Amino acid sequence: MITAERKPIEEIMESVRPYNRILLVGCNECVTVCAAGGRKEVGLLSSALQMTFMKEGKVLDVKEMTLERQCDPEYVEELVSAINQAEAVLSMACGCGVQEIARRFKEKPVFPAVNTKFMGASERQGVWAERCQGCGDCVLGLTGGICPIARCSKRLLNGPCGGSTRGKCEINAEVDCAWQLIWDRLKALGLEKRYEDIMPAKDWRTSRDGGPRRIIREDLAS
Amino acid sequence: MKPFEPVIVAFCCHYCAYTAADMAGSMRRCYPPNVHILRVPCSGKVDAIHIMKAFQKGADGVYVAGCLEGDCHFKDGNLRAARRVAYVKKLLDEIGVGGDRLEMITMSAGMGERFAVTASEFTEKIRRLGPNPVKGAAQAKQKVAAG
């Protein structure tokens with residue numbers, strides 16, 4: 001999922017302080033799973049903002065809505081009924097959702113309430129870790145299911161660097177050395193031989209390095 | 001000027017804290033009338049939003065009372081409650097209401113005395129902290145308007 005974390009309240013307040021009526025929109029997908037911007041978090045942020053306004057002797061009217069997703073125009077359209085009463089929109093979705101709302105409602109100021117972090121998976125409840133960098137040319141089949149782009153600090157493609165110590169990365173004792181993980185995995189699969197296959201220099205044009213990307217499915221696009 | 005009487009909301013789990021409160025009653029052991037008890041099946045039922053709404057509606061102090069560590073009727077509900085209380089304390093600090101207005105308290109069903117003592121101590125702590133700042137600005141405005 002795309003992971004995110006709520007911005008500090010003070011930073012959110014800087015965005016909404018000039019307004020008295022806002023539309024606070026959550027998202028039922030990724031940010032719900034990582035407990036950053038789902039229905040529950042919308043309720044909490046609404047209460048927190050209203051209390052902050054009350055402390056300053058002002059009233060903040062918050063309309064709370066949680067869409068199924070904010071990255072599809074069909075769902076963003078559901079905001080039409082509530083948008084006119086709001087002076088501004090505060091979105092708890094990832095950057096994709098915030099932009100889709102801004103695109104649809106060009107005349108309304110839209111603010112992000114979370115910082116979008118990374119594409120990751122749950123290690124256990126409450127802990128999410130980066131797993132994919134969207135490089136556009138997946139090599140997971142060659143590395144036993146461990147991604148050297150996302151999980152190696154240096155994005156090395158042919159084994160660890162000299163900083164790999166007791167299975168940990170030199171940048172941080174809590175970060176696993178991806179290549180240690182890859183080696184262990186290939187060994188468990190009986191595929192040690194694959195370790196010696198050289199991966200050539202990566203063509204980064206398929207990644208964000210090649211510019212903002214787009215997928216067009218001719219059979220689906222009307 | 002009336003002395004400040006804090007409004008305290010106590011989320012009490014049915015199996016331990018609420019029964020301890022009942023025990024305090026049976027023992028005729030007094031505790032401040034400021035404490036408003038809300039019975040929940042388990043302290044783990046209390047969600048962050050319940051606590052936030054209590055403060056938003058004007059409570060000066062809130063505590064969540066559950067079973068002793070390891071004794072939760074529902075295995076680990078009290079541990080979840082403790083983690084949630086810690087999270088909301090931080091949020092309350094962030095918005096300037098103050099995390100010290102919120103506590104997690106544990107006790108067993110037979111601890112009527114402990115219920116009464118913690119209720120009194122918490123009430124006094126909140127009395128010293130003063131009214132919930134969320135009410136403060138509105139009240140100050142009213143005072144100014146009244147002349």
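A crossing of two helices is called left-handed if the near helix is turned anticlockwise from the far one by less than a right angle, and right-handed if clockwise. By that rule, H2(B) and H3(B) cross in the right-handed sense. Bear in mind that this is a predicted model: local features need pLDDT of at least 70, side-chain atom pairs count only at pLDDT 80 or more, and totals for chains, interfaces and linings use all residues. Residues are numbered from 1 along each chain as its sequence is written, while chains are lettered from A and ligands numbered from 1 in the order in which they are written. Helices (H or I, at least four residues) and strands (E, at least two) are DSSP runs, numbered from the N terminus.

**Where the chains meet**

- On chain B, 16 residues are in contact with 14 residues of chain A (contact means C-beta atoms, placed from the backbone, within 7 Å).
- Helix H2 (48-56), helix H3 (77-95) and helix H5 (133-146) of chain B each bring at least two residues to the side that touches chain A.
- H2(B) gives the most, with six residues.
- By class, that side of chain B has 11 nonpolar, two polar and three charged residues (Ala, Val, Leu, Ile, Met, Phe, Trp, Tyr, Cys and Pro count as nonpolar, Asp, Glu, Lys and Arg as charged, and the others, Gly among them, as polar).

**H2 against H3 in chain B**

- The axes of H2(B) and H3(B) are 9 Å apart, and the helices pack at about 45° (axes are lines fitted to C-alpha atoms, for helices over the stretch in contact, and angles run from 0 to 180 degrees between N-to-C directions).
- H2(B) and H3(B) are therefore oblique to each other (under 35 degrees is roughly parallel, over 145 roughly antiparallel, 65 to 115 roughly perpendicular and the rest oblique).
- B:Ala48, B:Ile51 and B:Met52 of H2(B) make the contact with B:Arg84, B:Tyr87 and B:Val88 of H3(B).

**The sheet in chain A**

- Four strands of chain A form an open sheet in the order E3-E2-E4-E5, with parallel pairing (strands pair if DSSP finds at least two bridges between them).
- Strands E3 (61-67) and E5 (110-112) of chain A each have a single partner strand, so one side of each lacks a neighbour in the sheet.
- Strand E2 (residues 21-27) of chain A pairs with E3(A) over seven bridges, and A:Gly26 stands opposite A:Thr66 in E3(A).
- Helix H3 (residues 39-55) of chain A packs on the sheet, touching E2 and E3 of chain A.

**A hairpin in chain A**

- E8(A) and E9(A) form a hairpin with two residues between them.
- A:Cys169 has A:Asn172 of E9(A) as its bridge partner.

Notes: Contact = placed C-beta atoms within 7 Å.
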